[in-house]
Amino acid sequence: MENITTGIPIDQAVISSVYSQLTDSWNKMDSVVFAGLFAEDGSIVGFDGSQANSRKEIQEHLAGIFKDHEPAQFVTIIKEIRSISPLVVLLRAVAGMVPRGETVINPETNAIQSLVAIKKDEHYEIALFQNTPAAFHSHPELAAQLTKELQQKAGYLGAKAV
């Protein structure tokens, strides 16, 4: 596939796979795999605004979270993948969270996710992953619509969040 705006070829399957590995490692509470997907100087911005900068900091940050909590699992829908340059790709997605052992999306934790990946050698490393609350303060109908869309995906997948 080629980006319509830039004319740069995009391997959507590869970028989708990187994102899938990221959300799968969160769902499996595996901070080592999660951090290993990032460039050495990669960064995350969490749902609460917390930040970690560097592969090492990301791993330590998540290890602390996973040690003390069993966070809900992501249910995600990719909305866009596009090239910024021949070596940089942007992925935009929406995400819901299903508490472990449950099957219903918690609408309070719906998010808009952005991932910037950089091609290094023959693979992509994540430069930035941002998870922003999808509060839609002035548009409750948009919040409800997003929850419905995510719940349909979660329902399709059964109790297993991905």
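This is a predicted model: local features need pLDDT of at least 70, side-chain atom pairs count only at pLDDT 80 or more; totals for chains, interfaces and linings use all residues.
Let's start with Ser50, which sits in the loop between strand E1 (38-45) and strand E2 (51-53). Residues are numbered from 1 along each chain as its sequence is written, and side-chain values use heavy atoms, with hydrogens and water left out.

The cut-offs are under 20% for buried, over 50% for exposed, and partly exposed in between, using a 1.4 Å probe and protein chains only.

Which residues does Ser50 touch, leaving aside neighbours within four places in sequence? They are Ile44, Val45 and His61, where contact means heavy atoms within 4.5 Å. His61 is 11 residues from Ser50 along the chain, and their C-alpha atoms are separated by 9.4 Å.

Now look at another loop, the one between strand E4 (88-98) and strand E5 (111-120), where you will find Asn110. Asn110 counts as buried, because its relative accessibility is 2%. Beyond neighbours within four places in sequence, its contacts include Phe47, Ile105, Pro133 and Leu150.

Next, salt bridges. Side chains of opposite charge can pair when their charged atoms come close. The cut-off for a salt bridge is a side-chain nitrogen of Lys or Arg within 4 Å of a carboxyl oxygen of Asp or Glu. How many turn up in a search of the whole structure? The search finds 6.

One of them pairs Arg55 with Glu125, with 3.8 Å between the closest N and O atoms. This pair links distant parts of the chain, 70 residues apart: Arg55 is in helix H3 (residues 55-68) and Glu125 in strand E6 (residues 123-133). Arg55 is partly exposed at 25% relative accessibility, while Glu125 is buried at 13%.

Helix H3 also holds Lys56 and Glu60, which are separated by about one helical turn because they are 4 residues apart. They form a salt bridge too, at 2.8 Å between the closest N and O atoms. Lys56 is exposed at 54%, and Glu60 is partly exposed at 42%.

Finally, Glu80 and Arg82 meet through their side chains in a salt bridge of 2.7 Å, N to O. Elsewhere, salt bridges that share partners join Glu40, Arg55 and Glu125 into one network.

Terms used
Helices (H or I, at least four residues) and strands (E, at least two) are DSSP runs, numbered from the N terminus.
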